[in-house]
Amino acid sequence: MAVSTIYSTQALNSTHFFTSSSSSKQVFFYRRQNNRRFNTIITCAAQQTVVIGLAADSGCGKSTFMRRLTSVFGGAAEPPKGGNPDSNTLISDMTTVICLDDYHSLDRTGRKEKGVTALDPRANDFDLMYEQVKALKSGIAVEKPIYNHVTGLLDAPELIQPPKILVIEGLHPMFDERVRDLLDFSIYLDISNEVKFAWKIQRDMAERGHSLESIKASIEARKPDFEAFIDPQKQYADAVIEVLPTQLIPDDNEGKVLRVRLIMKEGVKYFSPVYLFDEGSTISWIPCGRKLTCSYPGIKFNYAPDSYFDHEVSVVEMDGQFDRLDELIYVESHLSNLSTKFYGEVTQQMLKHADFPGSNNGTGLFQTIVGLKIRDLYEQLIANKATAPAEAAKA
Amino acid sequence: MATIAATSLNIGIQLAVITSEARPVSLAGPVRLNNPWNLGSRTTNRMAAVRPVKATPEGVISDKVEKSIKDAEETCAGDPVSGECVAAWDEVEELSAAASHARDKKKDSDPLEEYCKDNPETNECRTYD
């Protein structure tokens with residue numbers, strides 16, 4: 001059922017009328033001449049929103065991955081101006097990042113009463129999440145609630161305009177099946193327990209009141225819920241960034257050098273996995289040698305096809321750290337299918353944010369590469385959607 | 001009108017320069033004169049009103065973290081596997097994350113940039129290309 005409004009404009013010739021059908025976002029021009037109607041159809045490219053899901057345990061906020069991702073598209077992402085200062089949303093020219101904590105159905109006191117964590121699906125309103133993500137994807141603005149992390153209360157909603165790229169970040173982007181189907185691309189950040197412990201110590205030891213025991217107790221208490229509800233989402237992700245302790249230093253427990261694996265699902269539309277030397281082969285590569293001198297412990301790369309939760313995947317793995325710019329550019333020149341627009345783009349992006357954590361190891365490298373892959377996916381999707389209506393009109 | 005905060009002694013020198021358009025040029029801030037007899041008073045030129053100390057948002061969150069850790073330890077002393085204990089530690093994690101984000105935000109926030117983001121038309125924030 002098409003709802004049309006008929007406008008008669010004075011600017012055009014009085015014999016011209018046009019109607020706009022809001023359901024199909026097309027503009028029809030009717031020209032009445034000698035009591036015969038001539039139709040010309042002009043289709044406006046309706047805004048196509050690409051939805052990306054990112055699952056990560058650290059909670060929401062200005063996390064490093066989001067900043068790298070928005071930086072690939074250009075511009076810095078900032079909270080909405082003039083709104084709630086404790087808003088979790090980030091807006092840039094092309095992207096809007098929504099924190100899924102905003103869809104908590106229970107606030108902090110509610111969760112304490114019921115004895116559930118934020119990881120529990122009972123604390124989240126998946127129906128509202130699905131409706132609003134669907135609305136934004138169709139180009140309709142929504143009033144999204146705000147979960148205030150400082151007070152632990154649900155604040156008044158804020159208006160979110162549909163962006164070109166919508167990123168939903170949080171604990172459960174792939175938990176609900178309906179929301180999962182709306183995602184054009186999904187990423188899961190899988191941090192191993194040892195690395196998580198090391199990072200949490202780094203983050204919380206400076207905080208008054210925290211001790212090693214309290215940090216350990218906090219991680220242990222959340223583990224059952226995490227493994228029951230969050231961890232299973234990694235089987236649905238198109239790309240998994242797995243962070244593990246290094247294998248280059250025996251008995252390392254500092255957690256400074258990391259081994260990072262980028263697990264990419266094969267057969268995902270518009271997504272072509274990164275590879276080393278030759279697709280589908282198994283390669284082990286140490287770039288340090290005659291051409292490149294690296295300091296201890298050096299860098300080691302691995303590439304191999306694999307099977308992950310019964311899916312065909314390709315895995316690129318980096319163990320070690322970058323010390324210098326030329327190591328980075330050397331590595332970049334040997335990786336294939338990076339979706340860069342010019343030689344050295346990955347290095348340039350990494351250098352742009354050299355102060356971000358992980359800029360000298362695989363976490364930064366693979367986050368940047370995933371960002372470029374998402375840009376490539378976005379451009380392909382847009383190009384595809386633009387050609388489809390033209391073909392329909394021709395037919 | 002040009003307002004100049006002068007030192008305690010009366011200064012006879014005309015400090016407001018009247019231009020031809022009769023618009024006085026005001027000197028910003030208190031006037032520092034090279035008079036050796038009142039070097040002492042220069043150092044005591046303090047603001048009359050002392051700004052009251054407010055708990056910064058970062059301090060508020062830190063207090064919350066500390067309190068939540070104590071609560072969690074108490075709750076879990078009773079029953080380590082109950083839902084309340086788990087929820088209490090989850091709250092500790094949430095507040096710790098909020099505290100670390102607040103610390104990061106504070107670390108790279110420049111007070112002038114913050115002010116200019118909201119008030120780009122003020123004199124301090126005007127840019128001339």
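1. The disulfide of C116(B) and C125(B) is left-handed, because the torsion about its S-S bond is about -75 degrees. The two sulfur atoms lie 2.0 Å apart; a disulfide here is a pair of cysteine sulfur atoms within 2.5 Å. C116(B) counts as buried at 17% relative accessibility, and C125(B) counts as buried at 11%. Buried means under 20% relative accessible area, exposed over 50%, and partly exposed in between, with a 1.4 Å probe and protein chains only.

2. On the basis of the values: this is a predicted model, in which local features need pLDDT of at least 70 and side-chain atom pairs count only at pLDDT 80 or more, while totals for chains, interfaces and linings use all residues. Residues are numbered from 1 along each chain as its sequence is written, chains are lettered from A and ligands numbered from 1 in the order in which they are written, and side-chain values use heavy atoms, with hydrogens and water left out.

3. Over all chains the count comes to three disulfides. C76(B) is joined to C85(B) with an S to S distance of 1.9 Å, and this link is right-handed at 105 degrees about the S-S bond. Both of these cysteines, C76(B) and C85(B), are buried. With bonded cysteines counted along the chain, the pattern in chain B is 1-2, 3-4.

4. In chain A, C288(A) and C294(A) form a disulfide with sulfur atoms 2.0 Å apart. The link of C288(A) and C294(A) is left-handed, with -100 degrees about the S-S bond. C288(A) is partly exposed at a relative accessible area of 21%, and C294(A) is partly exposed at 24%.

5. Leaving aside neighbours within four places in sequence, D107(A) is in contact (heavy atoms within 4.5 Å) with Y147(A), G152(A), L153(A) and L154(A).

6. Helix α5 of chain A, residues 193-204, has 12 residues and reaches 16 Å from first C-alpha to last, close to the 16 Å expected at 1.5 Å a residue. Its buried residues include K196(A), K200(A), R203(A) and D204(A). The buried residues of α5(A) pack against elements of chain A, among them α6 (212-230), together with α3 (83-107) of chain B.

Technical notes: Helix = DSSP H or I, 4+ residues; strand = E, 2+ residues; numbered from the N terminus. Expected span 1.5 Å × (residues − 1).
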